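Colleague: Could you take me through this model feature by feature, giving the general idea and then the case at hand?

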Amino acid sequence: MPVAILLWCVLAYLLVAAFSVGLAKRPFTTSVVYAATALISVVACVTALFCLNSSQIATLRLPLGLPWLGASFHIDALSAFFLVVVNLGTAAASAYALGYGRHETSPERVLPFFAAFLAGMNLVVLADDAFTFLLAWEFMSLTSWALVLAHHRSPENIRASYIYILMASFGTFALLLAYGLLAGPAGHYGFDEIRAHHPDALYSVLVLGLVLIGAGSKAGLVPLHVWLPLAHPAAPSHVSALMSGVMTKVAVYAFIRIVLDLLGPPAWWWGVVVLGLGGITSLMGVLYALMQHDLKRLLAYHTVENIGIIFIGLGLTLAFRANGLMATAALALTAALFHVFNHSIFKSLLFFGSGAILTATGERDMEHLGGLIHRMPLTAFAFLVGCAAISALPPLNGFVSEWLTFQAILLSPELSQWGLKLIVPAVGAMLALSAALAAACFVKAFGITFLGRARTRAAEAAKETDRFSLAVMFGFAAICLLAGILPGFVIDAIAPAVQIILGGHMPHQASVPWLSIVPIAQNRSSYNGLLVFMFIAISASMSAYAIHVLASKVVRRAPAWDGGYPEKSPLTQYTAGSFAQPIRRVFGTLIFRARERVEIPPPGDTRPAKIEVNLEDVIWDVLYAPISGSIAFLADRLNVLQFLTIRRYLTLVFGALVVLLLAIAIWR
Amino acid sequence: MLLVVLLAPLITGLIRKMKARLLRRQGPPLLQPYRDLSRLLHKEVVLAENASWLFRAAPYLIFATTWVAAALVPTFARGLLFSWTADLIALVALLGSARFLLALAGMDIGTSFGGIGSSREVMIASLAEPAMIMIIFSLALLAGTTQLSGIAQYMVSPDVGLRVTLGLALVSLIMVGIAENARIPVDNPATHLELTMVHEAMILEYSGRHLALIELAASLKLLVYLSLIVCVFLPWGIAPAAGAGIDFAIGAAAFAAKLTVACFGLAIFETAIAKMRVFRVPTFLGAALMLGLLGALLLFVSRGL
């Protein structure tokens, strides 16, 4: 029944997409389409929420697709959890777009693909056989690709979408091979059949590698992340929010479904691989983000960091599970899933905020913004909550999932293998480092964009954004706070999904007195977001009251003090680049080969002094440039083959045939 | 809780006095910080023209988060009523929230001083915070808990012994404490020379009651770190959870003595050493981070060290 409802929702999305193809140019279509998708998303989200509670597996088989296979769909607690995340994000994005979408110059390029994209993401999570899964996956990739290319006049977007489509097809190809290995010679394509037949050790390793490439490239694991910071910002902001906040989570779902569910018992060193990748991803992601001054690109790089944190949780799950420590594995998986939920909320919120800034000023570059807190106070408040949440500050939600991850790390001396013992503390240090750097990064993002004085006319003339956008942003900010102060309910909601993967889950949290969360035991560690929040609120109001009674109430407005020599021009403020300079000098010289060159003209010369900063993307240079270079080289060489005479073609074919026959003869 | 707030300026005054005496100066009287605070409270607030609501709300929130963090550290007795609300990791994160707000407030007016302060502060924090987390790892792995009262209890119990990890953690914690509280050699609390300011640069635009709150929060943070070091590494004399009146008296006396010793140590250290160049600070903190990591790694490899 729930599967049928969700499939009807998918069909409704597709109908909306079809409807909008013809009518996109009409003025009312935009509102109708977004209202419809918001409504459908709400229905789907509520259905998924019920499935999460009922924790039973529902399946449905449709006579579509391959004739002997059909298309099977299912919904268990894990899919239900991800469906909630997906549809919550899509509902918010649709509602946000009710206001934001009005500014779209070419809605006919966005509307049909938007609805189809939502259908694609739901289908991936619903799929119950390899064929349907891959079809839905590719559908999701292609529709999102079309959205990246919505504003196709700018050369930057063309490059972004080109790299995206290459990486996406490569990823799907890897997943195709992974499913091929899972299906085996007998051709088990249904997930139930795959689950019943575990591949042998060598094939399992190959499948793990292929899934890391396929799902990892979609999620943005370093070094497969290169397309993500290009493609996510290129799309319209509500689509960026979906791609960053939701589509990457579908990729995480694919990883969990295949590696933790279908693949069978893990070997211990899989944990090492996934942990290492997660740690590197989180650290590199945040360092890249710190170097950016394009707001949306900064947010996109930050998605890379958060994916790293999620994969650290998943790596710990694999490690604990391989050692049979199911309770701890449940803790690690809960932490990862909690972070999936959190990230989908605050990253969408931040992208919505950047969209509001984009409509208000037409700028994505932080160096051209500043002082927006005066012109857009409500957006600024919601954005600030998102920034604090993503920087893992208590009492908001980002802190809880990182706290759970730390708790899982602290239990890892129980692991018996040396490789794990050595890598886990190192990954813990990376996680701590990336959490601290994330705070630095969002001080920069918020400070440069919203605080200080306006750096350009556009920033000076900004207006507060529309009501729909504000309502959605405030809703998500409220969820950030609620999930932070009442984390026990979220953990309990995740429990069925963890149960289905690991056969165990964290202790029930809602029954703990005072609504604390206690991962293992009371005397070991506990955290109570509600009380922390109340304490902060009470002591802040107490001190405010005391100050009000005791202290002078006089306020005088005066020009800024600035050490006695105030400088009128807003250009003398710290910029995004100068803010990041100390961190660039500490970390960037090694990782980005950052070089600064200061050029000061000699006395008497009136030329301005110049500072030049040079950053290199080492991963691109080392990994991608050689590959694309060698492909171009080979293509050039093989180009000769297109201009042969008929005799030479015949000789070529004959030669190829002989070589192949010889090969077969020798191989047999 | 109120007690720590009342005590905090005294510590600042004590350190100032000791430093002055070490330089053979008379030094300000011990109670000078209280006088400063009350004078600031009675002065008017001079707000910059383009200050936003964030600038005005930040001092209260900074003070509140620091205060909550201070309430989580056992000073002279172990049985804190709400110690289960948040553990050490949450405590560090709470101080992180305070710093996040302070760094934002520094950028609010849009002066280059504010920017320089915030930018350096987050650079220092980006290394000090992970180092702190690594220290917490070491302590938590030893004591089997991240609750501070649990750690303190473990530290007074006989099965602690002399451990390499604890030594590394202590050195690392002192280094982090110095950096976090803007003391010499990382930052100079007495300077107003533009190139050397970090903390002072961020609060340059504050005045009146706002400044008083931020100064109080800074003293409070110093007290938090001192009591953290004292509670974890010198736990002797701390009153048990269900102690009698005499236990608390002993605990309080011991706490006062320990704090005085710690202040004296800090004063000597600050007098003896010169301030570092800003870009040598990462080396200093990197060492703290590595020490912390080494300590945690030793525990992962062998529970006995």
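Modeller: Let us begin with a helix and its surroundings: the buried residues of α6(A) pack against α5 (130-148), α7 (191-196), α8 (201-219), α9 (228-234) and α10 (237-262) of chain A. Helices (H or I, at least four residues) and strands (E, at least two) are DSSP runs numbered from the N terminus, and two residues are in contact if their C-beta atoms, placed from the backbone, lie within 7 Å. This is a predicted model, in which local features need pLDDT of at least 70 and side-chain atom pairs count only at pLDDT 80 or more, while totals for chains, interfaces and linings use all residues. Residues are numbered from 1 along each chain as its sequence is written, and chains are lettered from A, with ligands numbered from 1, in the order in which they are written.

Colleague: Which residues of α6(A) are buried?

Modeller: A residue is buried if 20 or more other C-beta atoms lie within 10 Å of its own, exposed if 12 or fewer, and partly exposed in between. An α-helix has 3.6 residues a turn, so residues three or four places apart point the same way. In α6(A) the buried residues include A160(A), Y164(A), M167(A), G171(A), L175(A) and L182(A). Helix α6(A), residues 155-183, has 29 residues and reaches 42 Å from its first C-alpha to its last, close to the 42 Å expected at 1.5 Å a residue, where the expected span is 1.5 Å times one less than the number of residues. Just after α6(A), G184(A) takes a positive phi of about 70 degrees.

Colleague: Is V84(A) buried or exposed?

Modeller: V84(A), which lies in helix α3 (residues 77-100) of chain A, is buried because 22 other C-beta atoms lie within 10 Å. Leaving aside neighbours within four places in sequence, V84(A) is in contact with C45(A), A48(A), L49(A) and L52(A).

Colleague: How should I read strand pairing, and what is the bridge partner of L60(A) in β2(A)?

Modeller: Two strands pair if DSSP finds at least two bridges between them. Strand β1 (residues 58-62) of chain A and β2(A) run antiparallel and are joined by 5 bridges, with F73(A) as the partner of L60(A). Of the 5 residues in strand β2 (residues 71-75) of chain A, 4 are buried.

Colleague: How many residues of each chain take part in the contact between chains A and B?

Modeller: The size of an interface is often given as the accessible area lost when the parts come together. Here the description is by residue contacts, with 72 residues of chain A touching 76 residues of chain B. Helix α17(A) gives the most to the side of chain A that touches chain B, with 14 residues. That side divides into 44 nonpolar, 21 polar and 7 charged residues, where Ala, Val, Leu, Ile, Met, Phe, Trp, Tyr, Cys and Pro count as nonpolar, Asp, Glu, Lys and Arg as charged, and the others, Gly among them, as polar.

Colleague: Which strand of chain B is joined to β3(A)?

Modeller: Strand β1 (residues 45-48) of chain B runs parallel to β3(A), and 4 bridges join them. The bridge partner of R557(A) in β1(B) is L47(B), and, leaving aside neighbours within four places in sequence, R557(A) is in contact with L47(B) and E49(B). R557(A) counts as exposed because it has 11 C-beta neighbours inside 10 Å.
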